[in-house]
Each structure stands twice: as C-alpha cells, then as structure tokens.
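Colleague: I would like to learn how to read helix packing and a ligand shell. Where do we start?

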Amino acid sequence: MKKSVVASEKPVKAKEFDKELFKRSVEYNVRTLYRKNLEEADAQQIFQAVSYAIKDRIVENWMETQKAYEKEDPKMVYYMSMEFLMGRALGNNLINLKAYKPVAEALEELGLDLNLIEDQEPDAALGNGGLGRLAACFLDSLATLGYPAYGCGIRYRYGMFKQEIRDGYQVEVPDNWLMNGNPFELRRPEYAKIVKFGGYVSVHTDENGRNVFTQEGYQSVKAVPFDFPIVGYGNGIVNTLRIWDAEPVECFQLDSFDKGDYQKAVEQENLARNIVEVLYPNDNHYAGKELRLKQQYFFISASVQEAVEKYMRKHDDIHKFYEKVTFQLNDTHPTVAIAELMRVLMDDYYLTWEEAWEITTKTCAYTNHTIMAEALEKWPIELFSRLLPRIYQIVEEINRRFILDIQQKYSNVPGVDVQEKIRKMAIIYDGQVKMAHMAIVAGYSVNGVARLHTEILKTQELKDFYEMFPERFNNKTNGITQRRFLLHANPLLADWVTAHVGDDWITDLPQISRLKVYADDKKAQQEFMNIKYQNKVRLAKYILEHNGIEVDPRSIFDVQVKRLHEYKRQLLNILHVMYLYNELKEHPELDFYPRTFIFGAKAAAGYRNAKLTIKLINSVADVVNNDPAINGKIKVVFIENYNVSNAEIIFAAADVSEQISTASKEASGTGNMKFMLNGALTLGTMDGANVEIVEEVGEENAFIFGLSAQEVINYENHGGYDPMEIFNNDQDVRKVLMQLINGTYAPGDPELFRPLYNSLLNTQCTAKADTYFILKDFKSYAEAQKKVEAAYRDEDNWAKSAILNVACSGKFTSDRTIQQYVDEIWHLDKVVLK
Ligand code: NBY
C-alpha cells in the first residue's frame with residue numbers, strides 16, 4: 001500500500017488553508033512515493049502526490065463525520081446502485097473543501113498548473129450515463145446537505161469503455177482506470193463479507209420446531225469493500241461511497257487430490273476473478289446476461305449484510321431496523337435486495353415471514369428511470385433459481401402471496417378480469433422474474449424522475465399497480481450538482497454569477513434567480529457573451545487537440561451529447577445537417593449563420609444502428625467539413641470518448657442544447673439541466689424534464705417542437721404511423737433519405753447506411769418503421785432550427801434568453817431533489833458537525 005505522511009490539520013470547516021504546509025506535503029509525498037523531487041517527478045506522479053496530500057485533509061473530516069454518526073445514531077439512506085459515474089475526484093474535492101483557488105495558487109508557486117494535474121486523473125467511469133451520473137450528483141448533495149448516507153456499488157476493474165473513432169467507426173478500448181492506483185480510495189478488509197451462489201437449499205426442523213433453510217453445495221466469493229470519501233461543500237461532512245471488490249475465499253490448494261474439490265476451487269477462483277471485471281456498457285437496454293445477475297447479487301448481498309450487521313452493532317431489536325435504515329433502489333438493478341433482506345431476517349435472525357415482510361416493506365424504496373420496454377429486467381426462472389436458489393424460493397413466496405392479494409382485491413369487483421390482472425401484474429409469469437413488479441410490491445415508495453414520466457407511469461406503464469397502491473407513487477424530478485457543473489466546470493461564469501448575486505447559489509441554487517434583473521442589462525449581456533466566447537475558445541482548442549478539426553468559436557455551438565440511442569434521435573439531428581448542407585449547396589447565396597454541430601456519444605457495444613449512426617455522423621463530417629463550396633459555414637464534430645470530464649468543458653461552451661428525444665421516451669434527462677445552468681438554450685421536445693425546464697424559463701426562451709407525449713402514445717396505440725406518406729410528399733426529406741443509400745456519404749459502399757434507411761421506411765411492409773417518429777417530427781424540427789438561427793442573429797436578445805436560462809435553473813439542483821427524497825420518502829435528520 002502506498003502511504004503518504006503529512007501533518008494533518010483539523011477539519012477544513014474551521015481552519016484556513018495552510019499553503020506552506022500543503023506545498024511541503026506535496027514535496028514530501030513525491031519524495032516518499034517516488035524517491036524524487038518535484039523537478040524530477042512526472043505529471044502523473046505529481047497528481048498522485050497532490051491527491052494524497054488532499055486525502056490526508058479529507059480523512060480528518062471523514063473520521064469526525066463518522067464519529068458524529070456513530071454518536072448520534074441517525075437514520076441512514078443506503079443508495080444502492082450498479083452505477084456511480086463519479087468522473088474525476090481531485091478537482092471536485094478541492095471545490096468542496098473550498099480549497100480550489102488556494103491550492104491552484106500554491107501549485108503555481110511550485111511551478112505547477114492545477115488544470116494539467118487534474119487532467120492526469122482518469123475518470124471513475126463506473127456508470128453508463130444519466131442513471132449513474134445521477135447517483136454521483138445525489139452523493140454530492142447528500143454530503144453537502146449533511147444527510148447520513150452510504151452509496152453502495154461495485155468496484156469494476158474496468159469501467160465504461162474508452163471510445164476511439166477509427167475510420168469513423170466506434171472502437172471500444174478497455175478502461176484500465178486503476179492502472180496507476182487510486183489515491184482517494186481506502187481498502188477495508190475488516191468489513192469483508194461472504195456471498196454464496198448456486199447449490200441447493202435443504203430444509204430441516206430445529207429443536208424449536210422451526211424450519212431452517214440452508215444453502216449447500218454453493219460457490220462463494222469474498223466481497224471486500226473499498227471506501228471513497230464524498231466531501232460535502234464547506235461543511236466538514238464526508239460521507240462514504242462503498243464499492244465492493246471480489247476476492248477468492250481462500251487460495252485453493254494445489255495439493256488437493258480430491259478431484260471434486262479441485263474443480264470447485266478453480267471455479268470459485270474464476271468466479272471471484274470475473275464477477276467485478278467489467279461494467280456492462282448498455283444503457284436503457286436489458287441484456288439478460290448471467291454474469292450481470294451475479295454482479296447484482298454480489299454487491300447487494302454484501303451491502304445488505306453490512307447494513308444489518310452495522311445496525312445490530314448498536315441495537316438489539318432487529319424489528320426496528322427500518323427506523324434507522326432505508327434502501328433506495330436505483331432502478332431495478334439492485335432489486336434483489338428485497339429478497340436478500342428477507343433471507344437475512346428469516347434465515348439468520350429467525351424472524352417469521354410476516355415479521356420479515358413488515359421490516360422489508362418499510363425499508364425498500366424504488367426509483368424507475370425508464371418506460372422503454374427493452375429496458376425492463378426479466379430474468380428467466382431457470383437462470384435465477386439456479387444461481388440464487390434460496391432467493392428464488394423467497395421470490396416465489398412473495399409472488400404467491402401477492403397473487404392472493406390480487407385475487408382478494410379484485411375477485412368480487414364487477415368488470416375486472418382477475419386472471420388478466422394476475423397475468424399483467426405477477427412477479428413470476430411466463431417463466432420470468434419481473435424485477436420491477438417485485439420492487440413495487442415490496443417497496444414503500446415508487447418514484448419516477450420527472451413529472452411527465454411519473455404521470456406516464458401512473459396512467460400507462462404501471463397503471464394496474466397505481467390502482468392497487470396509489471399512495472406509493474410519487475415524483476422526484478431529477479437534478480444536478482451545481483458544484484461540479486458550474487463552479488468547477490465553468491469558473492468564468494461561476495465568478496461572474498457570484499460577482500452579481502453573491503455566492504449563496506453554491507449551496508442554494510434558487511438564489512441564482514437574482515440574476516434575472518441583469519437579463520436586460522446591456523453590459524451584463526456583453527459580459528455574458530464574452531464568457532461564453534472564451535468557453536467556446538476553450539472547447540475549440542480541445543477539439544483541435546483531440547479531433548484535429550478547426551472550428552470557429554464565433555459560430556453557433558449546437559450540441560448533442562448523451563448516450564447514443566435511437567429514442568434520443570441523434571439521427572434526426574444529423575439528417576437535418578444533411579438537409580442544411582443540401583440547402584447551402586443548392587443556394588450558395590443563402591444568408592446562413594455559421595454553425596458548428598457538435599456530437600458526443602457512446603453506443604452500446606452490440607447496438608448496430610447506434611454504431612452505424614456514429615459512422616454516419618463522421619461520414620457527414622468528412623464531406624461537409626472538407627467542402628470548400630460552403631465556406632466553413634457548417635462544421636460537424638464528433639467528440640471522441642464523451643465522458644464526465646470533457647462534458648464539463650462542453651456544457652460551458654454550448655449555445656444550443658439538443659434535447660430531441662421522441663416525446664414520452666426520455667424519463668427525465670439531466671444533460672438538459674447542465675446546459676441550462678451554463679446558459680445554453682434548449683432545442684427540444686416536450687419530453688422528460690424539458691417540460692419543467694420550459695415551465696421555469698418560459699417557452700419564449702427555448703425552442704420547442706414535435707409531437708407531444710400523448711400524441712406519440714396515441715399513434716403507438718393505433719399501430720404507429722406511415723412514414724411513406726412523408727417520404728412521398730416531402731422532397732427535402734426524400735432527398736436526404738436517398739442520400740443514405742446512394743453513396744453520397746459512403747462512395748465506396750453505397751449500401752453502408754441501408755439499415756438506417758430501413759429503420760425509417762417500411763418499404764417491405766414487414767417490420768414497423770420509424771418507431772421513433774423521426775420523419776414525423778422532421779419538419780417541425782427544421783422550423784425550430786430556423787428560429788434558432790434567427791434568434792442568434794439578435795445577439796442582445798440571445799444573451800437575455802441565455803442569462804434567463806441560468807437564472808431560472810434553480811429548480812434543477814440535485815440539492816432540491818435530495819431534500820424532496822428526504823422529506824417525502826426517507827425522513828432523515830441532518831447531522832451538523834460542531
Ligand atoms: O436515467 C436514464 C434515463 O434515460 C434518463 O432520462 C434519466 O434522466 C436518467 C436519470 O434518471 N437512464 C439510464 O441512464 N439508464 C441506464 O443507464 C441503464 C443502464 C443499464 C441498464 C438499464 C439502464 N440495464 O438494464 O443494464
């Protein structure tokens with residue numbers, strides 16, 4: 001283990017930052033870690049030395065916080081999530097310690113540039129997209145608000161893959177983020193747990209006449225936790241993100257002559273090696289992989305065991321567990337926690353089913369993040385029962401009792417077909433375990449992540465469950481942390497905001513509304529546009545360095561960054577670029593305001609149309625960017641390897657925020673909020689949280705287009721719509737679509753983009769076509785884009801709208817979201833350090 005020894009200080013809250021001490025500790029760390037002095041150390045070594053110096057400061061506060069929790073014994077939330085998309089820690093920790101500027105100065109005095117040091121840190125990319133980043137924002141808000149919380153997750157050896165673009169195609173490269181060691185983590189072997197897989201369950205009756213269930217013939221894995229400090233902003237609080245690593249239970253004996261044992265030992269060792277190897281890179285898509293279910297049970301079993309043991313260290317009555325502990329399940333991925341808690345309570349603490357059920361149903365709460373059918377987790381019972389035999393028994397019993405409840409409730413209700421209800425609502429049906437159903441049946445709260453999304457859950461997707469348990473359903477509109485996405489990501493704008501309205505916004509974002517009075521102020525408008533320009537220069541530099549493409553920071557920066565998915569409709573965006581290019585070619589005299597279309601997106605490794613869309617974007621970029629006839633008026637850039645770190649640079653530089661999902665499909669979106677906070681104007685559909693963004697900022701300060709969610713749902717209920725009609729009647733659309741199959745963008749292989757073409761048109765009348773309403777919304781999108789251009793030409797008015805976007809973003813802080821979870825679901829008390 002690397003170790004740094006630095007004289008530690010008392011909590012930052014009370015103490016001023018001691019620059020000289022900090023400089024000495026960096027020098028000392030470089031010396032002890034690498035036997036070098038500052039001049040000899042390379043950038044990575046300096047990063048490590050600085051991080052260890054900062055960690056020592058954090059550890060002080062960490063101990064104090066945990067001591068206070070120990071003493072006050074508050075109720076705790078365990079945020080259970082397969083994903084925590086943390087990004088980099090160093091800069092964020094400095095921000096939250098309120099030490100960013102002093103540290104930057106101290107390093108400058110040593111001849112070092114903090115920005116370059118920050119760039120040495122690999123992103124902790126233990127998540128796919130919105131869901132994982134939401135978990136990270138929530139941890140930041142929980143610590144900042146002073147709520148006792150644990151994040152529980154998996155320490156994947158390889159996080160989200162690195163994306164390289166070769167010949168326009170996405171290539172996935174393993175993300176070896178732990179390669180140089182991780183200075184902020186702490187291995188906690190003393191809290192290791194054993195997790196059991198497979199085998200069979202045997203039942204016997206003990207001396208008290210109780211049925212005792214034991215799992216036998218299983219394989220086990222040792223779960224070893226690593227703790228990450230989660231630093232609250234300026235309050236001395238440090239919470240814990242606990243992520244589990246896997247180790248073999250014991251080194252298997254090479255001298256074992258028992259063949260059976262030898263085989264088993266090898267298998268056990270392989271299980272430990274494989275289980276936390278890699279994050280599944282699918283977002284909004286359930287793949288049904290056995291190893292994925294193993295990952296889920298692995299971290300859940302360890303986390304549940306730890307939560308129960310921790311509770312029992314202080315309490316003697318397990319019946320009141322829920323008074324001190326609540327589990328928030330981040331989507332259905334951790335839902336096996338329900339059955340695992342039941343198992344521990346019954347098998348380890350000998351509670352009856354009824355007692356265990358009472359505790360479990362008062363402990364577990366579930367957040368839904370999608371209505372996309374292909375994202376719903378349904379495990380085949382064959383797999384589920386083979387891997388988790390005892391857990392499966394418990395799920396069966398939950399299901400049996402729930403079906404009795406349905407029968408009891410609906411048997412005598414006229415007009416209700418009870419069998420139909422059971423078919424739709426059962427937890428086990430058709431040979432599958434439906435995880436969402438279990439989460440709703442056993443949870444005390446079910447929430448959606450934006451108002452529209454929650455309404456759709458109540459009235460469509462989960463209608464039957466809402467009818468049965470209306471009191472469980474509630475909305476918690478997502479939010480983002482302004483500490484990372486404004487204070488750290490956009491220091492120029494952050495300083496400007498503070499200069500105008502003070503710095504309360506850092507922990508009380510609604511205060512930022514005081515900016516409204518400056519929206520009409522010419523000087524403020526100019527300052528704002530100047531900051532935006534500088535941020536565009538910063539992004540242009542990044543693009544030149546990383547993509548080799550030159551872009552003009554005076555052009556409109558029109559940005560779509562998010563996971564690549566058909567429902568998010570990057571295809572609509574690039575088809576529109578193709579259309580604009582056609583227009584410019586046909587009418588060279590057109591008065592066209594220069595525009596840079598910026599994309600950033602990872603596609604799931606096995607998602608064919610998503611990957612082909614990346615190739616299309618890059619192919620269009622090749623043609624358009626190199627056509628002298630259009631005089632650089634359109635530039636298309638695909639930013640390689642979109643991640644949390646480059647996102648920070650991208651949001652700060654955006655003029656236009658593309659939020660163009662098919663209405664009803666994007667549960668909330670959170671990128672939309674990050675753009676708004678940085679003063680970009682939303683070009684979007686009435687979907688997810690866009691609805692609430694427009695409500696806050698006013699429709700006149702955004703560009704809204706397309707079908708409404710209800711219209712989309714109506715079409716879907718009547719078998720879709722006919723895209724051929726549009727293809728046959730709209731010559732602009734027709735031309736663009738033909739260019740997908742006539743080699744315009746793939747001269748060597750004109751058929752290359754045929755699958756995209758086919759996804760839009762049902763020429764064969766076989767598969768459904770344009771299920772995401774791209775052609776249906778095309779015209780309305782193109783019109784909205786025209787309005788964007790016209791609006792941008794009026795610079796003062798644009799600046800006014802942009803300032804109003806910043807000023808009206810107060811609702812979208814994750815501090816507000818977390819406060820609502822606390823008030824309406826978790827009921828936690830704040831802990832204040834004295
Ligand atoms: O969660 C996203 C939603 O699409 C977005 O609208 C919302 O703002 C965000 C936070 O609430 N969902 C998401 O990111 N989902 C996943 O990443 C995901 C990952 C894995 C699987 C399913 C969904 N899986 O089944 O493996």
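Modeller: With domains: their bounds come from an automatic or database domain assignment. Here, the shell around the ligand draws at least three residues from each of domain 2 (73-86 + 126-443) and domain 3 (482-819). This is a predicted model: local features need pLDDT of at least 70, side-chain atom pairs count only at pLDDT 80 or more, and totals for chains, interfaces and linings use all residues. Residues are numbered from 1 along each chain as its sequence is written.

Colleague: Which residues come nearest the ligand?

Modeller: A residue is near a molecule if its C-beta atom, placed from the backbone, lies within 6 Å of it. Of the 22 residues around the ligand, G130, L131, D283, A667 and S668 come nearest. The shell has seven nonpolar, twelve polar and three charged residues. Ala, Val, Leu, Ile, Met, Phe, Trp, Tyr, Cys and Pro count as nonpolar, Asp, Glu, Lys and Arg as charged, and the others, Gly among them, as polar.

Colleague: How are two packed helices described?

Modeller: By the angle between their axes and the distance between the axes. Axes are lines fitted to C-alpha atoms, for helices over the stretch in contact, and angles run from 0 to 180 degrees between N-to-C directions. Helices are DSSP runs (H or I, at least four residues), numbered from the N terminus. Helix α6 (residues 130-145) and helix α32 (residues 814-826) pack at about 75°, with axes 9 Å apart.

Colleague: What does that angle make α6 and α32?

Modeller: Roughly perpendicular to each other; that term covers 65 to 115 degrees, with under 35 roughly parallel, over 145 roughly antiparallel and the rest oblique. Their contact has five nonpolar, four polar and two charged residues.

Key:
Helix = DSSP H or I, 4+ residues; strand = E, 2+ residues; numbered from the N terminus.
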